[in-house]
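Trainee: I would like to learn how to read a few features from a structure. Can we take them one at a time?

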Amino acid sequence: MIKILGNNYLQSLLTILRDRKTNFVVFRETVKEIGKFMAYEIAKELDYSDVNVETPLGIAKGKKRDDEIVLVIVLRAALPLVHGMMEVFRDSYLGVIAAKRIENNEDHAGLDFGVEISYMKLPNIDDKVIIIADPMLATGSTMISILSRLKELGKPKRIILATIISARPGVERVMKIHKDIDIYTLAVDNELNSDGYIVPGLGDAGDRAFGTI
Ligand code: URA
């Protein structure tokens, strides 16, 4: 399934990111804030048990999250997004993946860019809820490769993809190959340009967050 988080507050944060005049400090802080509220939205739909809790004055009914979370950072643009998510999922395990598209691969047919995964370090993922954070789901090539590699490592309970902007063609490709994943996003843009960037999108999320433009 794909869930678009359409609430006005998150959409106002997305508008700050899209604005070309937003400087990298504000951009990075805004991505972090989005991460926090996306994690809150995801947390609403995890599994919880009913528990009793002892207060200083008696016993109350409460809830305890059953799901163990593995947050996965796709370097580098996801760093501030994960930073924000960890404010909600304080007890999450953390996995790190360095992956990039091979940009000047002349062989790519349409959306099918080559992908190089140069680093991957994950905790045990069996029975856990994996949340892969990547602000931009563009062609889907990187995500398809990451999901395939991840599934070789174990059997997670659930895999969630947390993105800020998704491109419709990328969503369709990922969901065709990995039907079992859930995507949380703030927007689905229709187009990709010939370099595989999302239009209108927000530009290069890594460059904009780290001031490397
Ligand atoms: N990565 C980005 O940072 N931006 C895009 O538009 C596509 C991929």
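Trainee: Is F37 buried, partly exposed or exposed, and at what relative accessibility?

Mentor: Keep in mind that this is a predicted model. The class follows from relative accessible area, with buried under 20% and exposed over 50%. F37 has 28% relative accessibility, so it counts as partly exposed. Y9 is also classed as partly exposed, because its relative accessibility is 39%.

Trainee: How many aromatic pairs does the count come to?

Mentor: The count comes to one aromatic pair. As a general idea, a pair of aromatic rings is described by the distance of the centres and the angle of the planes. Here the ring centres of Y9 and F37 are 5.4 Å apart and the planes stand at 80°, so the pair is edge-to-face. Y9 belongs to helix α1 (residues 8-18) and F37 to helix α2 (residues 24-44); the two are 28 residues apart, and the pair links distant parts of the chain.

Trainee: Which residue lies over the face of Y93?

Mentor: That is K128, at 5.1 Å from the ring centre.

Trainee: Now the strands. What is the order of the open sheet of three strands, and is the pairing parallel or antiparallel?

Mentor: The order is β8-β10-β12, and the pairing is parallel. β8 (136-137) and β12 (187-189) are the edge strands, each pairing on one side only. Between β8 and β10 (residues 165-167) there are two bridges, and L137 has S166 in β10 as its bridge partner.

Trainee: In which sense do β2 and β3 pair?

Mentor: Strand β2 (residues 48-55) pairs with strand β3 (residues 58-65) in the antiparallel sense, over eight bridges. A hairpin of two residues joins β2 to β3. To find your place along this pairing, take V53, whose bridge partner in β3 is A60. For side chains, the general idea is that in a regular strand they alternate between the two faces of the sheet.

Trainee: Which strands does helix α5 lie across, and at what angle does it run to β10?

Mentor: Helix α5 (residues 168-177) lies across β8, β10 and β12, at about 75° to β10.

Trainee: Which residues in α5 are buried?

Mentor: G170, V171 and V174 are buried. Viewed down the axis of α5, the buried residues fall within an arc of 100°, so they line one face of the helix. E172 and K176, on the other side of α5, are exposed. The cover over the buried residues of α5 includes β1 (2-4), β8, α4 (141-152), β10 and β11 (182-185).

How values were computed:
Residues are numbered from 1 along each chain as its sequence is written. This is a predicted model: local features need pLDDT of at least 70, side-chain atom pairs count only at pLDDT 80 or more; totals for chains, interfaces and linings use all residues. Side-chain values use heavy atoms; hydrogens and water are left out. Two strands pair if DSSP finds at least two bridges between them. Helices (H or I, at least four residues) and strands (E, at least two) are DSSP runs, numbered from the N terminus. Contact means heavy atoms within 4.5 Å. Axes are lines fitted to C-alpha atoms, for helices over the stretch in contact, and angles run from 0 to 180 degrees between N-to-C directions. Rings of Phe, Tyr and Trp (its six-membered ring) pair if their centres lie within 6.5 Å; planes under 30 degrees apart count as stacked, over 60 as edge-to-face and the rest as tilted. Buried means under 20% relative accessible area, exposed over 50%, partly exposed in between (1.4 Å probe, protein chains only). A charge sits over a ring if NZ of Lys or CZ of Arg is within 6 Å of the ring centre and within 35 degrees of the ring normal. The arc is that of the directions from the helix axis to the C-beta atoms.
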